[in-house]
Amino acid sequence: MDNKIGAVMVLYRPDIEQTLKAAESIAAQVDELCIVDNTPGVAQGDVFAGIPSVTYIHLGDNRGLAAAQNVGINYLQSRKTDYILFSDQDSQPPSDMVSRLLKAYRDLEDAGVKVATVGPMPRQRTTGKPTFDKWNLRFKKSIGGREVMCMDYIISSGSLMRTSVLESVGPMLESLFIDGIDSEWCWRAAHFHGLQSFIIPDITMTHMMGEDTGERRSIRIPTPFRVYYQFRNYFRLLSYPQTPTWWKVKNGIKYTVKAVYYPLFLKPRGQFVKRIAAGVRDGLKTSGQ
């Protein structure tokens, strides 16, 4: 039975203590962990030298999340890996997450479901609350005695998929750079290949949704750098046939509010104005790419 599992973890200026914990947990559950480092400057591979079955790849510059994920995917494909798990540097998975996700994946397939990917229910690390968007839910059903939630998309961290599915659907879209990568891939898998993405709610994983400001707050405030990609990619994704209508409408409202709120109430105000304007301009210019 095919069961060789590899994992891809992407780093960018990581908190070494948190990342080591995440890497140790993931490495203990898979056959090989490929760590791809987007952090500019000196390589940090020695930090992970004590963890068995880890391959560290330093890109030397920030090439974006999608590009780093694709480097890891290509490496694991060359290693004849059957399944690939994705993890962020700050996600903290339970010790049995991978085996339970694999069972859920196979139970779905045994039930005749065409699976794109499965993942745990993410919980915000600062609050412990599930980060579940009811707009994203397509339906719930029982498979193999457990409830599963079919979603329009799931976040990449903690997601498990067959390597063969990745080869059919295609790689992560590097032009998006950071935001919307996981969403677009799941939408593409569903729209063009009829594949479904699932959250397994009885498997949970703590994760930092948004950027860590060191404050215990339920709404994460992004940096102006991140805001640029959020606005740019919203307008870019509008023209994609795989993008759901509900997502276009909901995020259209959300980004309209952000375009007013960020420059008026957050500092540095000038940077927010500049990055939002640049994101809208570049998103409209490159729509459909």
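Is Arg79 buried, partly exposed or exposed? At 40% relative accessibility, Arg79 counts as partly exposed. Buried means under 20% relative accessible area, exposed over 50%, and partly exposed in between (1.4 Å probe, protein chains only).

The model is predicted: local features need pLDDT of at least 70, side-chain atom pairs count only at pLDDT 80 or more, and totals for chains, interfaces and linings use all residues. Residues are numbered from 1 along each chain as its sequence is written, and side-chain values use heavy atoms, with hydrogens and water left out.

**View 1. Strand S2 is largely enclosed by the rest of the structure.** Six of the six residues of S2 (residues 32-37) are buried. Glu32, Cys34 and Val36 lie on one side. Leu33, Ile35 and Asp37 lie on the other. Helices (H or I, at least four residues) and strands (E, at least two) are DSSP runs, numbered from the N terminus.

**View 2. S2 pairs with S1 and with S3.** Two strands pair if DSSP finds at least two bridges between them. S1 (residues 5-11) and S2 run parallel over six bridges. Val36 stands opposite Val10 and opposite Ile57 in S3.

**View 3. Arg79 forms a salt bridge with Glu32.** Here a side-chain nitrogen of Lys or Arg lies within 4 Å of a carboxyl oxygen of Asp or Glu. The closest N and O atoms of this pair are 2.9 Å apart. Arg79 and Glu32 are 47 residues apart. Glu32 is buried, at 8%.

**View 4. Lys250 and Asp133 meet in a salt bridge.** The N to O distance is 2.5 Å. Lys250 lies in helix H7 (residues 245-265).
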